[in-house]
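Please consult the sequence and the structure shown below while reading.

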Amino acid sequence: MKAFWKVVLVCVLSLNGLLFLRSPSQAQAGSPEELIAAVNALRAQRGLPALTVSTALMSAAQSHAEYQASIQTITHTGAGNTRPKDRAIAAGYGGGAVVFVSENIAGGTNLSVQDAITLYWSDDVHMNTMLNPNFQHIGAGVAFSGEMVYYTLVVGSTSGTSNALNTLPALNTPTLTLTPPPVPASAQETVTPPAAAISTPDESQMYEVQPGDTLWGIAVTYQVSMDDLKRWNNLPATPNLWPGDRLIVQPSFTPAPSATETPLPTVTPTVAFTATPMPTIIVPVTAITLTPTPETAPLSSGSSPLLFIGIGLIVLSVLGMILLFVGKLQGK
């Protein structure tokens with residue numbers, strides 16, 4: 001009998017030792033399924049439909065939770081400087097359709113799901129992620145680094161035709177009783193469908209900002225991008241919205257005037273000739289007086305005896321030269 005009680009005592013001590021050695025972070029931390037159940041329970045308390053689990057968003061959320069644990073930092077910037085939307089699309093969310101994504105993150109020592117929501121996500125911005133009626137899908141991830149617990153919650157919606165929404169049937173998640181913090185009036189107004197856009201004479205659509213509105217929520221509601229809203233309204237990179245502000249959510253459409261071809265006038269060249277009278281040139285004529293040159297009187301045969309003498313001397317000289325030349329030839 002004593003041996004039996006000794007065995008029972010050893011088993012009890014061993015069980016207590018195992019419970020003591022169990023990781024406190026994982027004992028208190030919740031799972032992705034518990035986080036999803038908590039968010040949907042919070043939505044149900046506000047009369048909102050439950051979000052559908054997306055395999056792509058589950059993958060994106062879990063990968064980012066593990067990335068935060070690996071660098072031991074709570075950040076929305078993922079590996080390679082990616083943003084929540086980048087990670088969701090990379091995981092296949094939307095199947096090529098236009099997507100809208102929002103992300104909540106939290107981290108702390110032995111942090112539970114209840115504490116993540118009540119301590120970190122009770123402000124208007126994080127409540128808008130969980131309670132915005134325009135979202136359709138949800139994904140969650142949990143990772144650990146020692147006693148640190150890192151939560152990532154990703155919600156999204158799609159616009160346009162998509163062949164793959166990557167949704168799963170409802171999970172068999174444990175029932176979780178969540179006591180949410182009192183939601184301020186601004187947060188309650190955030191989840192109220194916004195007022196209809198106001199038409200203007202130029203056919204643009206204006207929206208009057210309500211308390212608790214965010215630029216992201218307005219972009220999701222009117223199916224436009226935040227960059228377009230900033231460009232249409234000349235907003236800075238991180239705008240502050242105030243109740244009563246009016247934002248253009250659909251610019252006016254002014255069709256570009258069609259080009260009308262105007263025929264060029266037909267130009268008929270006209271050449272005009274103007275007769276310019278030639279100037280009359282008057283050349284003065286100088287009278288030329290011709291003076292006759294006296295003619296040289298022909299030589300008469302008997303007018304000069306010297307002529308004959310000259311001719312005779314020339315003949316004699318020629319004959320003498322001939323004779324001299326003949327004599328030299330004979331001497332040879």
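## The sheet

In this predicted model, strand E2 and strand E4 (residues 148-159) run antiparallel and are joined by 12 bridges. Within this pairing, Asn104 has Leu153 of E4 as its bridge partner. Strands of a sheet pair through backbone hydrogen bonds, in either a parallel or an antiparallel manner.

E2 and E4 belong to an open sheet of four strands, whose order is E1-E3-E4-E2 and whose pairing is mixed. The edges are formed by strand E1 (52-53) and strand E2 (98-109), each of which pairs on one side only. Helix H4 (residues 55-71) packs on this sheet and touches E1, E2, strand E3 (137-145) and E4. The direction of H4 makes about 25 degrees with that of E3.

## Packing of H3 and H7

At what angle do helix H3 and helix H7 pack? Helix H3 (residues 32-45) and helix H7 (residues 124-131) meet at about 90 degrees, and their axes lie 9 Å apart. Because angles of 65 to 115 degrees count as roughly perpendicular, H3 is described as roughly perpendicular to H7.

On the H3 side, the contact is made by Val39, Leu42 and Arg43, and on the H7 side by Met127, Met130 and Leu131. By residue class, the contact of H3 with H7 comprises five nonpolar residues and one charged residue, with no polar residue.

Ser112 is located in the loop between E2 and helix H6 (113-120). Is this residue buried or exposed? Ser112 has a relative accessible area of 17%; since buried means under 20%, Ser112 is classed as buried.

Ser112 also illustrates a pairing of positions that are separated along the chain. Gly30 and Ser112 are 82 residues apart in sequence, yet their C-alpha atoms are 5.7 Å apart in space.

## The chain as a whole

The protein chain contains 11 helices and seven strands. Of its 332 residues, 31% are buried. The chain exposes about 21700 Å², of which carbon and sulfur atoms supply 62%.

How much of the contact set with a separation of 6 or more comes from residues 24 or more positions apart? Such residues account for 71% of those contacts in the protein chain.

Note on methods. Residues are numbered from 1 along each chain as its sequence is written. This is a predicted model: local features need pLDDT of at least 70, side-chain atom pairs count only at pLDDT 80 or more; totals for chains, interfaces and linings use all residues. Side-chain values use heavy atoms; hydrogens and water are left out. Two strands pair if DSSP finds at least two bridges between them. Helices (H or I, at least four residues) and strands (E, at least two) are DSSP runs, numbered from the N terminus. Contact means heavy atoms within 4.5 Å. Axes are lines fitted to C-alpha atoms, for helices over the stretch in contact, and angles run from 0 to 180 degrees between N-to-C directions. Angles under 35 degrees count as roughly parallel, over 145 as roughly antiparallel, 65 to 115 as roughly perpendicular and the rest as oblique. Ala, Val, Leu, Ile, Met, Phe, Trp, Tyr, Cys and Pro count as nonpolar, Asp, Glu, Lys and Arg as charged, and the others, Gly among them, as polar. Buried means under 20% relative accessible area, exposed over 50%, partly exposed in between (1.4 Å probe, protein chains only). Accessible areas come from the Shrake-Rupley method with a 1.4 Å probe; for residues, only the protein chains shown count as cover.
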